[in-house]
Amino acid sequence: MVTRYDDVFEVSRDDDTYASGHDVTGEGSGYGGITIPPPPFKTVPIEMDGEEFVAIRKLLMPAFSPKSAAAWEPYLRTSAIRHINAVIERGEMDLVYDYAAPIPSKLVMRFLGLPEEDWDRYALPFHELMSEPGSDMHTNAIQSMGLFLTGLFEAIADRKATPREDYISYLTRCRIDGAPLPDEMLGQIVFLVIAGGVDTTTSLTSLGCEWLSEHPDVRKGLIAEPSRIPRAIEEFLRYFSPVQANARTVARDTELAGCPIPAMDRVLLPWAAANHDPDHFERPDELDVDRWPNRHAAFGFGAHRCLGSNLGRLQLKVMFEERSEERRVGKECRS
């Protein structure tokens, strides 16, 4: 387990020594992917290495650029206001299921071209996957993912037959060396888009709102000066680290910080530990919404750095900023 910021940074940027590949069948490299324990399926491109990884990542990047992410802001603001308005007269809400979960999940559905009303079918298993490995909930979540993968392959086949203006259709048109991406790989990419989009933003929104509810003076300060919200979000990312850790497989005998590590050992990279390293962050266990600079590790480092970071930041900004239409005209919510 690599816990110091500098060591996490070094490992995550040395893809030749610390591999992300996932040999599901055990007939190839034997690498175990980016989670411990490894699930019985592979995610692309995050569990790939070398030129193959670079080629796939290059195909995916345009849709996640800052410009592409910014184009989703009007949709997100409309969605946020709609979900707040749906509960405003009640004066209470389930923060996760009424707000933090459906907004990012519906965005992912629209982005991919899947029915928005099916958001919970795709999102909830990922929330449940955060439960203890080996528990009934964790086992059921993995089984549910296997079931909805069938739906993803049906959507891929449909887009091949009748292309549309959505991301799945785009993927079916992608070529590497003139050849289309195999259906299995298409399914793995779509799976990763869903995995990255439906849980992390939900987690951080929920944790941030909970913390603000316990610190009303800070909350009032952000309401009075919304220009401070982006820095607060960066601090939430550092402090809560919605993706707690990823793993690597050691590709060759090496040494890290004086510790010998043999080939095929597994290495855990706790982003959360790096984000609380006192050598890099003053008062690391204190949440300071005005902390700056804030070079946290929440999105990872190196070639495998989170592809959806621009879209994730935008979603968080909108979800923390927006209010109901009633609040905009001066009507208070009973909460």
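**Entry 1**

I began with Glu73, which forms a salt bridge with Arg77, the closest N and O atoms being 2.9 Å apart. I count a salt bridge when a side-chain nitrogen of Lys or Arg lies within 4 Å of a carboxyl oxygen of Asp or Glu. The model is predicted, so I note its limits: local features need pLDDT of at least 70, side-chain atom pairs count only at pLDDT 80 or more, and totals for chains, interfaces and linings use all residues. Residues are numbered from 1 along each chain as its sequence is written, and side-chain values use heavy atoms, with hydrogens and water left out.

Why are Glu73 and Arg77 separated by about one helical turn? They are four residues apart in helix α4 (residues 73-88). Helices (H or I, at least four residues) and strands (E, at least two) are DSSP runs, numbered from the N terminus.

I then looked up accessibility. Buried means under 20% relative accessible area, exposed over 50%, and partly exposed in between (1.4 Å probe, protein chains only). Glu73 is partly exposed at 26%. Arg77 is buried at 18%.

**Entry 2: other salt bridges**

I searched the whole structure and found 19 salt bridges. In one of them, Asp183 and Lys160 meet through their side chains at 2.4 Å, N to O. Asp183 lies in helix α10 (residues 183-198) and Lys160 in helix α8 (residues 136-161), so the pair ties together parts that are 23 residues apart in sequence. Asp183 is partly exposed, with a relative accessible area of 36%. Lys160 also counts as partly exposed, at 43%.

I looked at Glu225 next. Its side chain meets that of Arg228 in a salt bridge of 3.7 Å, N to O. Glu225 is partly exposed, at 43% relative accessibility.

**Entry 3**

I turned to an open sheet of three strands, with the order β1-β4-β7 and antiparallel pairing. β1 (18-19) and β7 (266-270) stand at the edges, each with a single partner strand, so one side of each is left without a neighbour in the sheet. Two strands pair if DSSP finds at least two bridges between them.

How many bridges join β4 to β7? I find five, with β4 spanning residues 245-250. Ala245 has Pro270 as its bridge partner in β7. Arg248 has Val267 as its partner there. Two bridges join β1 to β4, and these strands run antiparallel. Ala19 is bridged to Thr249 of β4. Five of the six residues of β4 are buried, so this strand is largely enclosed by the rest of the structure.

**Entry 4: Ser20**

I placed Ser20 in the loop between β1 and α2 (50-60). Is Ser20 buried or exposed? Ser20 is buried, at 0% relative accessible area. Its side chain makes a polar contact with the side chain of Arg248 at 3.3 Å. A polar contact is a pair of N or O atoms within 3.5 Å; within protein, one must be able to donate a hydrogen and the other to accept it, and residues adjacent in sequence count only if both atoms are side-chain atoms.

I also listed contacts, meaning heavy atoms within 4.5 Å. Leaving aside neighbours within four places in sequence, Ser20 touches Gly33, Ile34, Ile46, Glu47, Met48, Asp49, Arg248 and His304.

**Entry 5: aromatic pairs**

I searched the whole structure and found 15 aromatic pairs. Rings of Phe, Tyr and Trp (its six-membered ring) pair if their centres lie within 6.5 Å; planes under 30 degrees apart count as stacked, over 60 as edge-to-face and the rest as tilted.

The rings of Tyr5 and Phe301 have centres 5.6 Å apart and planes at 65 degrees, so the pair is edge-to-face. This pair links distant parts of the chain, 296 residues apart: Tyr5 is in helix α1, and Phe301 is in the loop between α14 (271-274) and α15 (309-321). Tyr5 is buried at 8%. Phe301 counts as buried at 11%.

Trp72 and Tyr75 have ring centres 5.9 Å apart and planes at 80 degrees, so I log this pair as edge-to-face too. Trp72 and Tyr75 are both buried.
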